Amino acid sequence: MQSSPGLPRTKSPSRANLSGWLYVTPLIAVLVPFFVAPILVVLAASFFQTDGFGGLTPGFTLSNYIEVLHSALTLKLYLATIKFTFFTWLFTLVIGFFVAYFLVFHVRNQLLAIGLFLVCTVPFWTSNIIRMISWIPLLGKEGLINAGLMSAHVINQPLEVLLFSDLAVVIAYVHQLTIFMIVPIFNAMARIDKRVIEAAVDAGASRFDIMRHIVVPMSKSGIALGTIFVVSIVMGDFFVVKVMSGGGSASVVSAFYEDVGVLQYPTAAASAVLLTLVLVAIVALILRTVDIRQEIAR
Amino acid sequence: MSMATSDLRVVAAPATRKAIAPSRGGRPWTFYVLAGLFTAYVIALYGPMICIYILSFQDVRGGLVFPMKGHSLHWFVDLFTQVRTGDVKGSFDRSIKLAVLVTVITVVISFMAGLGFRRRFRGDGFVFYMMIGSLVAPGLVLGLGTGLLFQALGLNASWYTSALGAQLSWTLPFGVLVMFAVMSRFNNAWEEAARDLGASRWQAIWLVIVPVLAPGLVAVALFGFTLSYDEFARSLQTAGSLNTLPLEIWSMTLNVTSPSLYALGTVTTIISFIVIGVSLGTIVLIQKKRGSRAAAG
């Protein structure tokens, strides 16, 4: 950001503060009622009692938290969520990193690189649900993959593990979310000065050295940003788990969805508050390593 | 990190051109490996979607998997005429209207916030992290909170009130983040020059900043429209009694097991592709016009 302190129109700090706040007032006017207030409502509801039919009795009880923390199911749900999050993160990171690396360092024509980059991003602007169900004709019992493997005599009977399984859940996540890794890592890599790498090559660095000492460290901010997106989306998701596991698996939020379905608002709210705390802790940990605001504006 | 970079730059000055991506000569083996990976990724990205577009054109005997059973538009007709698949037409209508509304509001508010965030002001970090919070919060939880809030205030949840707000809490952070990236390429001297030449604050914004940032604003609009049009988790508890299209698709995935689900997927993706095409086309057109004007001048 270029500020020009010497100019006569430089404002006094208090006027700059005022005009800054005026410009973001509309943003705040949306975020307060539709982000801050709903979070507070959920927080409040987690301390309320229910009549079991969706009615909430204002009050203060910790019984919802005790119920959530004491249930063996909670641990199972968190383990399942962490498992999905970890594998999705791992695969999106590896694929996203190398796709970005290919586009930045191996495609010589810059126009072509931008074109290929757009090819990767277009599905992001289409429906996630449709992209998820589009795996059914491929992974199903009579799907293309099973049919192909059977006609090639690799297997004798269809693999049941392909669809409606944890594998299918991870496949759907990776399919949807790799773009969230590609974009920030691509941005970070595109800013690496090519001459730095040339210098390293001239100084005798191997391909692996360049990767380890230059590309990975300088892409860290992109990796951190992508991780925030992927982790928060997987941990907050429920429909992929619900549909792609065929009801066989559940995550924290899909259990929340079931609770809401049977009007168990307070327990659902308590579990949501716990999940939000976990999420905030993870995101805060990542934010310690990178100043995203500076990163995006650079 | 930046210091290390500039140090290295000095060292790199006399370097000859042979990096991992040499400008001439044979490509390293990693090129072929990574090109293979990239191709596989793109096939995995588009392959499944193309499968359902093809399968949606089956005739009445059609099922959810290959092989194709005949060719017809049966399931598209079925989609818009059958009561059993729900109110597809109405939800289509609502989703488009809602997306247009969200787009306009997102562009205006993101643009203003982009202007505001150009200079640091006291408390800007608070606003920024509130926005990040809105982005990463689980959509379903926020949706439930919004729904309960409306209930507590005695307001009726509907797609143009509660769902509109819930969707804005999702599209605005994206819009503002795009504005950050766009603004970082804007030179404040242009605005200052306009002001020095006597333009009012409003004229400087309308006649200088908006035209310069036009491609970025189109990008914000693209995010606003598509994210709203496909938004699901935040709308689920806030849309009230009338469904938006993604909610309709969601209920279909749970109880419709015919290719009309795929037909709906094809139709909604065509809409998305039109919007993406128009947006990207507009950006290219603006850039081209600029290029030719610069060449002529």
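This is a predicted model: local features need pLDDT of at least 70, side-chain atom pairs count only at pLDDT 80 or more; totals for chains, interfaces and linings use all residues.
Start with chain B. It has eleven helices and zero strands. Read along the sequence, then, the pattern is α repeated: α-α-α-α-α-α-α-α-α-α-α. Of the 297 residues in chain B, 44% are buried. Now look at its contacts between residues at least 6 apart in sequence. Of these, 75% join residues at least 24 apart.

Next, turn to where the chains meet. On one side, 85 residues of chain A take part; they are in contact with 88 residues of chain B. Which helix gives the largest share of the side of chain A that touches chain B? That is helix H1 of chain A, residues 13-45, with 20 residues.

Now focus on one helix, H6 of chain B. It runs over residues 139-152, which is 14 residues. At 1.5 Å a residue, the helix should span 20 Å. Its end C-alpha atoms are 20 Å apart, so the expectation and the model agree.

Is H6(B) enclosed or open? Count its buried residues. A residue is buried if 20 or more other C-beta atoms lie within 10 Å of its own. Twelve of the 14 residues of H6(B) pass that test, so the helix is largely enclosed by the rest of the structure. The buried residues run from Gly139(B), Leu140(B) and Val141(B) through to Leu148(B), Leu149(B) and Phe150(B). Among them are also Gly143(B), Gly145(B) and Gly147(B).

What do these buried residues pack against? Helix H7 (162-183) of chain B is one partner. The others listed belong to chain A: H1, helix H10 (207-236), helix H12 (252-261) and helix H13 (265-289). Just after H6(B) comes Gly154(B), with a positive phi of about 75°.

Finish with two residues of chain A that have a positive phi without being glycine. His153(A) has a phi near 60°. It sits in the loop between helix H7 (144-151) and helix H8 (166-190) of chain A. His153(A) has 7 other C-beta atoms within 10 Å, so it is exposed. Leu263(A) has a positive phi of about 60°. Its place is the loop between H12 and H13 of chain A. Leu263(A) has 14 C-beta neighbours inside 10 Å, so it counts as partly exposed.

Conventions
Residues are numbered from 1 along each chain as its sequence is written. Chains are lettered from A and ligands numbered from 1 in the order in which they are written. Helices (H or I, at least four residues) and strands (E, at least two) are DSSP runs, numbered from the N terminus. Two residues are in contact if their C-beta atoms, placed from the backbone, lie within 7 Å. The expected span of a helix is 1.5 Å times one less than its number of residues.
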